[in-house]
Amino acid sequence: MKTSPSPFHIPLNRRRLLHSMLLTTGGIITNSVYAEALTLTPRATEGPYYPDHLPLDQDNDLTMIIGGKAPASGVVTEFGGRLLNADGKPIENGVIELWQADNNGCYIHSRGAQQGNEKDPNFQGFGKIETNAKGEYRFRTIKPGLYTGRTIHWHIRVKQGGKSMLTTQLFIAGVPQNDRDGILRSMGTEQQRLSVIREFKPMSTESKELVGTWDIVIGHTPEDPEQSGRGPGGPPRIRRDADQDIKDALFGPSF
Ligand SMILES: [Fe+2]
């Protein structure tokens with residue numbers, strides 16, 4: 001993957017807006033670093049929809065596909081922050097992957113369409129970014145669609161040197177389904193859960209686009225695939241199996 005001094009791989013016509021956003025949110029990011037430096041981001045299951053075919057366009061702007069005819073539908077939402085180790089030091093050249101449901105609740109996975117819903121052909125579905133020297137990353141995407149059995153969530157994976165360090169999920173504060181989301185409720189300690197439920201606010205009074213900040217704090221040990229569903233210090237997560245696939249086919253997915 002190409003190394004860039006900037007966390008942005010976004011077309012030039014949007015860079016000015018994003019640059020001004022970084023300036024205005026910089027203070028918030030810095031403050032949250034201090035507040036959460038010792039809270040390890042909890043692990044969560046990757047679920048069944050990590051893409052089984054990656055899109056050609058994998059940049060950190062999921063709202064537009066190269067050569068696409070229109071922007072993705074949904075509420076444009078941006079978030080960013082810093083990737084830190086457990087000592088609060090920024091991690092450079094970490095790769096952060098994002099995959100999520102489109103505005104109709106569908107994933108780009110070959111089995112990721114929800115019953116009765118069409119996939120949005122203009123939504124990228126998966127993106128990634130390499131952190132810069134300050135550990136910074138940023139995504140431009142949409143607010144994920146809601147689907148049966150879950151609250152609104154983004155899936156995130158952090159890789160370092162090709163190894164998976166963390167698989168987790170990010171949530172939006174104030175979403176009513178958060179309180180009864182089984183995955184969220186089983187993630188780590190209460191403090192760790194609070195660290196993955198973030199405030200998203202309109203970018204400006206005239207804008208419907210949302211923006212939030214989120215610092216990701218990872219431990220030093222690469223993720224064991226067998227542990228990817230286990231939160232640090234928390235109980236083992238339910239592992240997906242063939243029975244779950246059958247239940248999903250009958251009742252809709254639960255992740
Ligand atoms: Fe999901």
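Let me begin with a definition: a residue is called buried under 20% relative accessible area, exposed over 50%, and partly exposed in between, using a 1.4 Å probe and protein chains only. By that rule glutamate 78 is buried, because its relative accessible area is 0%.

A word on the source. This is a predicted model, in which local features need pLDDT of at least 70 and side-chain atom pairs count only at pLDDT 80 or more, while totals for chains, interfaces and linings use all residues. Residues are numbered from 1 along each chain as its sequence is written, and side-chain values use heavy atoms, with hydrogens and water left out.

I turn now to salt bridges. The term means a side-chain nitrogen of Lys or Arg within 4 Å of a carboxyl oxygen of Asp or Glu. How many salt bridges does a search of the whole structure find? The search finds seven.

One of them joins glutamate 78 to arginine 140, with the closest N and O atoms 2.5 Å apart. This pair links distant parts of the chain, since glutamate 78 is in strand E1 and arginine 140 is in strand E4, 62 residues apart. Strands (E, at least two residues) and helices (H or I, at least four) are DSSP runs, numbered from the N terminus. Arginine 140 counts as buried, because its relative accessibility is 8%.

Glutamate 78 also forms a salt bridge with arginine 138, where the closest N and O atoms are 3.7 Å apart. Arginine 138 lies in strand E4 (residues 136–142) and glutamate 78 in strand E1, so this pair ties together parts 60 residues apart in sequence. Arginine 138 has 1% relative accessibility and therefore counts as buried. Together, Glu78, Arg138, Arg140 and Glu209 are linked in a network of salt bridges.

Another salt bridge brings together the side chains of glutamate 46 and arginine 157, at 2.4 Å from N to O. Glutamate 46 is in the loop between helix H1 (12–36) and strand E1 (76–85), whereas arginine 157 is in strand E5 (residues 153–160), 111 residues apart. Is glutamate 46 buried or partly exposed? At 28% relative accessibility, glutamate 46 is partly exposed, while arginine 157, at 10%, is buried.

Finally, consider phenylalanine 123, in the loop between strand E2 (95–99) and strand E3 (126–130). Phenylalanine 123 counts as buried because its relative accessibility is 4%. Contact means heavy atoms within 4.5 Å. Not counting residues up to four places away in sequence, phenylalanine 123 touches several residues, including Leu62, Ile65, Ala72 and Ile142.
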